[in-house]
Amino acid sequence: MQVADKRHITVGIFIFIGLLIFVIGIFTLGSQKKAFGERVTVSVVFDDIEGLKTGGNVWFSGVKVGTIKKIEFHGGSQVLVSMNIQEEAQQYIHKDATATLSSDGLIGNRIVEISGGSPKAPIIQDGDRIQANRTLSTDEIMATFQENNKNLVAITGDFRQLSSNLVAGKGAAGALLSDEGMARDLKSTIANLNATTQAADRMMMDLNRFARTLNTKGGLADQLLTDTAVFARLRSSVNELQQASRSASAMAANLNAASAKLNQSDNPAGVLLNDQQSAERVKQILINLEKSSHNLNEDLKALQSNFLFRGYFKKKREQAAEQE
Amino acid sequence: MNNKSEQSPVDHKTVKAPGKLARMFLSLYDVGQFVTRFFKEGFLPPYEGRELINQCYNIGYRSLLLISTTGLITGMVFTKQSRPSLAEFGATSWLPSLVAIALLRTLAPLLTGLIAAGKVGSSIGAELGSMRVTEQIDAMEVSATNPFKFLVSTRVLAATITIPILTFYTALVGMLGAFLNVTVNEGTTMEAFVQDSLESITFLDIIASTVKAVIFGFTIGMVGCYQGYNSSKGTEGVGKAANSSVVIAMFLIFLEEVISVQFFALFRTT
């Protein structure tokens with residue numbers, strides 16, 4: 001092989017490899033950018049795109065599915081963003097999906113993130129417009145922070161006043177902290193409370209023991225609670241007792257009425273008990289009766305000695321003596 | 001036509017003694033003539049194919065080792081030096097992307113251009129200068145060979161073809177150097193490195209780099225040839241031709257870099 005031929009081959013290889021690097025670079029970049037695949041164009045309208053640029057990425061579920069194709073003003077002050085979506089990702093994005101402005105890192109580039117979409121809705125088509133999902137801008141977040149800061153200042157101010165009151169012994173809490181008498185009272189109250197709780201504790205133990213006894217099998221309470229026959233008998237006894245008490249109550253009422261009548265003078269017993277005049281008269285009658293009976297007794301004795309009746313009495317005495 | 005063009009620089013210097021400003025405009029006119037002549041004669045038959053391949057070998061292949069080594073070192077050093085700044089806010093994972101942008105957009109064509117201006121520009125200037133001084137060019141004219149076509153067109157074309165090729169090599173080797181540095185320090189895999197570095201690169205970057213490399217190659221060839229072809233007689237003229245080839249080519253490369261950055265920025269969206 002001649003030197004010139006060798007040189008030609010070397011130059012050929014040199015240029016071939018150089019061009020190969022170029023072509024491989026272009027194709028690798030092409031596959032990275034998915035530049036050679038089929039695409040569909042989908043648009044979305046934002047109020048504020050926060051620095052989104054053409055060529056920026058479009059993500060769906062965290063996967064890059066396309067790029068921003070065009071950004072233009074729309075309507076009043078809104079911005080129409082056209083996106084190229086790869087055809088292979090199209091089948092996963094539904095018409096009710098929403099687009100959100102996001103960034104691919106804390107300080108990364110602005111991206112559009114497509115999310116949501118129910119499987120029931122049809123798949124997006126070329127030229128479709130999807131809904132924009134408004135997110136909180138940094139300014140709005142800062143405004144909320146500012147509000148929080150103000151609240152914090154107010155709260156710390158209150159705390160400051162509270163603590164100074166506490167130190168100065170103002171108010172109930174302050175007095176509690178600074179008044180020794182109150183502290184002593186509190187201490188004794190707590191001691192009392194302690195004693196009370198101990199007593200309560202003991203009582204609870206007693207009650208517990210009592211309840212255990214009540215629960216003993218065959219005991220009175222247990223039978224009362226568990227034996228239905230005993231309960232039925234008890235119930236009838238109580239009923240009878242109730243009836244008896246009702247009768248007693250009626251009797252007492254009658255007695256009451258009778259005694260009330262005794263106090264009045266419109267009936268014989270009442271007159272006998274209450275009328276002085278009648279009493280005097282009864283007394284007189286009784287005296288007269290006594291006198292009369294005495295006289296009658298004498299008359300009868302005289303009669304026994306009379307001959308007409310002497311025989312009869314004699315016969316009677318003899319019969320009595322025979323019986324003895 | 002050939003005679004007129006070739007005699008013109010001699011005429012300006014001998015007939016009159018014009019002022020500095022006038023001389024500058026005259027030399028600009030000469031350059032214009034030279035460039036026009038290249039476009040007129042370079043693409044017309046008969047083609048000097050064999051000589052073109054020879055020049056591609058000399059200009060391109062022979063610079064490959066030097067430029068590859070420089071590219072490898074540049075990639076490694078640039079990555080190493082960029083790391084502390086990114087590490088300051090925990091963004092060393094952006095190193096591949098940063099190096100890729102720097103290398104593919106600017107460093108690869110600029111570095112290749114500057115090194116080629118030093119190596120190739122000076123050799124073209126010296127070679128053609130000594131040929132002019134030793135009257136080999138005049139001899140070629142006498143022997144009915146077109147010296148412009150054989151000497152200038154082949155060299156300018158070879159430079160215009162091989163400098164972009166060298167730029168691709170530089171970019172590849174530079175990225176390889178960056179990858180070596182990144183994989184040793186961050187443990188990044190080749191796949192992740194390629195993914196990350198291409199993430200921020202666009203087709204426009206590659207096209208812009210290629211276009212720049214073509215312009216740089218053309219500039220280096222053209223400046224070297226012009227300086228050598230028009231060198232004044234004497235050995236001093238050869239040295240001067242070689243020297244000014246390098247200086248002017250480098251200056252023009254920077255000028256073109258600035259202009260091309262502005263030009264391609266018009267097409268950039270990010």
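How many of the 39 residues of α4(B) are buried? Select helix α4 of chain B, residues 95-133, in this predicted model. The count is 29, so α4(B) is largely enclosed by the rest of the structure.

Stay on this helix and centre on B:Leu103, where α4 bends by about 50 degrees.

Next, show the largest nonpolar core, a set of 66 residues in which B:Leu103, B:Ile220 and B:Cys225 touch the most other members. Helices of both chains each supply at least two residues of this core, including α1 (3-33) of chain A and α8 (203-229) of chain B. Colour α6(B) separately: its 20 residues are the largest share of the core.

Now pick B:Ile220. Leaving out residues up to four places away in sequence, its contacts include B:Gly113, B:Ala116, B:Ala117, B:Val120 and B:Gly121, together with B:Ala159, B:Ile163 and B:Ala249.

Turn to B:Lys80, in helix α3 (residues 49-87) of chain B. Is this residue buried or partly exposed? B:Lys80 is partly exposed, because 16 other C-beta atoms lie within 10 Å, and 20 or more would be needed for a buried residue. Draw a C-alpha to C-alpha distance from B:Lys80 to B:Leu95: the two are 15 residues apart in sequence and 9.4 Å apart in space.

Last, select the contact between the chains, with 17 residues from chain A and 19 residues from chain B. The chain A side has seven nonpolar, eight polar and two charged residues.

Notes:
Residues numbered from 1 in each chain as written. Chains lettered and ligands numbered in written order. Predicted model: local features only at pLDDT ≥ 70, side-chain atom pairs only at ≥ 80, totals over all residues. Contact = placed C-beta atoms within 7 Å. Nonpolar A, V, L, I, M, F, W, Y, C, P; charged D, E, K, R; others polar. Helix = DSSP H or I, 4+ residues; strand = E, 2+ residues; numbered from the N terminus. Buried ≥ 20, exposed ≤ 12 C-beta atoms within 10 Å, placed from the backbone. Bend = angle between axes of the 7 residues up to and from the residue. Core = buried A, V, L, I, M, F, W, Y, C linked by C-beta atoms within 7 Å.
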